[in-house]
Amino acid sequence: MTDARDEVNAAVKKMVVAESRLTIDPATVGDAEPLNGEVLRVTSVGFLSMLIRLEDELGVTLPDDLFAGRSFHTVADLVDVVTPTCTGQRAG
C-alpha cells in the first residue's frame with residue numbers, strides 16, 4: 001500500500017500546487033500543509049475540479065459518496081481518503 005500511497009501523495013501535491021497557481025516543486029509541499037492557508041489556496045470549486053483531474057491522473061473513479069460527511073483541511077486528509085480507493089480498484 002505504500003507504493004499506492006506514494007503515488008496518490010505525489011498526484012495530490014501536483015494538483016494542489018497547480019490549483020493554487022504556484023510555481024513550486026510539489027515535493028516541497030508537506031503532508032500537513034493546509035489546503036487553504038498561507039501556501040495553498042484551494043477553493044471549494046477548485047477542490048471539485050481537482051478531484052476530476054485526480055481521477056484522470058490516477059486512472060480510477062472516485063465514488064460520489066466518498067467525500068460525504070468528511071472535512072479536508074490538509075494534503076494528508078485528501079491522500080488518506082483517496083488512497084484506499086486507488087488500491088481497491090487496482091487490486092481487482
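Visitor: Does T85 count as buried or exposed?
Guide: This is a predicted model, in which local features need pLDDT of at least 70, side-chain atom pairs count only at pLDDT 80 or more, and totals for chains, interfaces and linings use all residues. Residues are numbered from 1 along each chain as its sequence is written, and side-chain values use heavy atoms, with hydrogens and water left out. T85 is found in helix α3 (helices, H or I of at least four residues, and strands, E of at least two, are DSSP runs numbered from the N terminus). Its relative accessibility is 12% (buried is under 20% relative accessible area, exposed over 50%, partly exposed in between, with a 1.4 Å probe and protein chains only), so T85 counts as buried.

Visitor: Which residues does T85 touch, not counting those up to four places away in sequence?
Guide: Contact here requires heavy atoms within 4.5 Å. Once residues up to four places away in sequence are set aside, the residues touched by T85 are T61, L62, P63 and L66.

Visitor: What is the relative accessible area of V75?
Guide: V75 lies in helix α3. Not counting residues up to four places away in sequence, V75 touches V12, K13, V16, V29, G30, D31, E33, L35 and L40. V75 is buried, and its relative accessible area is 0%.

Visitor: How many Å apart in space are V81 and L66, C-alpha to C-alpha?
Guide: V81 is found in helix α3 and is buried, with a relative accessible area of 10%. Residues up to four places away aside, V81 touches L66, F67, R70 and F72. V81 and L66 are 15 residues apart in sequence, and their C-alpha separation in space is 7.6 Å.

Visitor: Which residues touch the most other members of the largest nonpolar core?
Guide: A nonpolar core is a set of buried Ala, Val, Leu, Ile, Met, Phe, Trp, Tyr and Cys residues joined through side-chain atoms within 4.5 Å. The largest such core holds 26 residues, and the members that touch the most others are F67 and L78.

Visitor: Which elements give two or more residues to this core?
Guide: L78 touches V12, F47, M50, L51, L54, F67 and F72, not counting residues up to four places away in sequence. The elements that each supply two or more residues to the core are α1, α2 and α3.

Visitor: How many aromatic pairs are there?
Guide: Rings of Phe, Tyr and Trp (its six-membered ring) pair if their centres lie within 6.5 Å; planes under 30 degrees apart count as stacked, over 60 as edge-to-face and the rest as tilted. Ring pairs link F47, F67 and F72 into a cluster. By this rule, the count of aromatic pairs is 3.

Visitor: How many residues apart in sequence are the parts that the pair of F47 and F67 ties together?
Guide: F47 and F67 form an edge-to-face pair, 6.2 Å centre to centre with 85 degrees between the planes. Both F47 and F67 are buried. Because F47 lies in helix α2 (residues 44-58) and F67 in the loop between α2 and α3 (75-91), the pair ties together parts whose separation in sequence is 20 residues.

Visitor: What is the volume of the largest pocket?
Guide: The lining of the largest pocket consists of L35, N36, V42, T43, S44, F47, L48, L51, F67, F72 and H73. These residues divide into 7 nonpolar, 4 polar and no charged (Ala, Val, Leu, Ile, Met, Phe, Trp, Tyr, Cys and Pro count as nonpolar, Asp, Glu, Lys and Arg as charged, and the others, Gly among them, as polar). A pocket is an open set of points on a 1 Å grid over the protein atoms alone, where a 1.4 Å probe fits, with protein on both sides within 12 Å along at least five of seven lines; lining residues have an atom within 4 Å of a point. With volume taken as the space filled by probe spheres set on the points, which are joined across faces, edges and corners, the largest pocket has about 210 Å³.

Visitor: Near what value is phi of R21?
Guide: R21 is placed in the loop between α1 (2-19) and α2, and at 78% relative accessibility R21 counts as exposed. Most residues other than glycine have a negative phi. R21 is a residue other than glycine with a positive phi, near 55 degrees.
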